[in-house]
Amino acid sequence: MPEQHPDQRLIEGLTHNDYATIKEIDKKYRAILTKWVLHNSGSREDAEDLFTDSVLAIFDRISRTPPLILTRPFSAYLMGIARNKWLERLRKRKKEMQVRNDQIKRYIDEMDESVEEVIIHTEKVFERNRQLEKTFVQLSERCQQLIDLIFNRGMDTSEIVQEMAFNSENAYYVRKKKCLDRWRSLLHA
């Protein structure tokens, strides 16, 4: 059986939730682990999280059987756990980054398509409006006034009948149909 390392006392202290042991581990190893994380693509926040997760992993291991017997320094055990957890996080970040990059690329592609569609739609609307204006001026003044009251001012039938002095609503509908038919024929000519 391998010989027990003197740092086994730290494991015993953790087993009994000894505050002095926890404080000693924090004081001795937090700075070392932080420096290591900073040199391996991490931030101070990453180091804090990693230190906490690593110590919690040791607590978790202590709570299981068989009992944890250190045959090497506590720092090596702690750093081994931290290293494995850090590599796992980096792999996860790389995957997340790849997924994020794929999503950004897809979003940009969709935006390019959307922007292109909007431009085409805007050009069509602009062309349609230009055609409407071009043919609108070819209508009689009375048709122009009627269409303006309907579409631009949003007046209802009774208001238009009164404004344009139609004899009845029926006369309004007949005139409206003639004006719109004339405008359509000019648009499609």
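In the predicted model, F166, Y172 and Y173 form one aromatic cluster. The structure holds 4 aromatic pairs in total. For F166 and Y172, the ring centres are 6.0 Å apart and the planes meet at 65°, so this pair is classed as edge-to-face, the cut-off for that class being an angle over 60 degrees. F166 and Y172 are both buried.

The ring of F166 also has a charged neighbour. R142 lies over the face of F166, at a distance of 4.9 Å from the ring centre. R142 belongs to helix α5. Its relative accessibility is 33%, so R142 counts as partly exposed, a class that falls between the limits of 20% and 50%.

Helix α5 spans residues 141-152 and comprises 12 residues. From the first C-alpha to the last, α5 reaches 15 Å, close to the 16 Å expected at 1.5 Å a residue. The buried residues of α5 are C143, L146, I147, L149 and I150. These residues lie on the same side of α5, because they cover an arc of only 160° around the axis. An α-helix has 3.6 residues a turn, so residues three or four places apart point the same way. The face of α5 turned away from the buried side carries E141 and N152, both of which are exposed. After α5 comes G154, which has a positive phi, near 65°.

At least two of the lining residues are supplied by α4 (74-136), and at least two by α5.

R142, in α5, is placed over the ring of F166, and F166 in turn forms an aromatic cluster with Y172 and Y173. The largest pocket takes at least two of its lining residues from α5.

Methods:
Residues are numbered from 1 along each chain as its sequence is written. This is a predicted model: local features need pLDDT of at least 70, side-chain atom pairs count only at pLDDT 80 or more; totals for chains, interfaces and linings use all residues. Side-chain values use heavy atoms; hydrogens and water are left out. Helices (H or I, at least four residues) and strands (E, at least two) are DSSP runs, numbered from the N terminus. The expected span of a helix is 1.5 Å times one less than its number of residues. Buried means under 20% relative accessible area, exposed over 50%, partly exposed in between (1.4 Å probe, protein chains only). The arc is that of the directions from the helix axis to the C-beta atoms. Rings of Phe, Tyr and Trp (its six-membered ring) pair if their centres lie within 6.5 Å; planes under 30 degrees apart count as stacked, over 60 as edge-to-face and the rest as tilted. A charge sits over a ring if NZ of Lys or CZ of Arg is within 6 Å of the ring centre and within 35 degrees of the ring normal.
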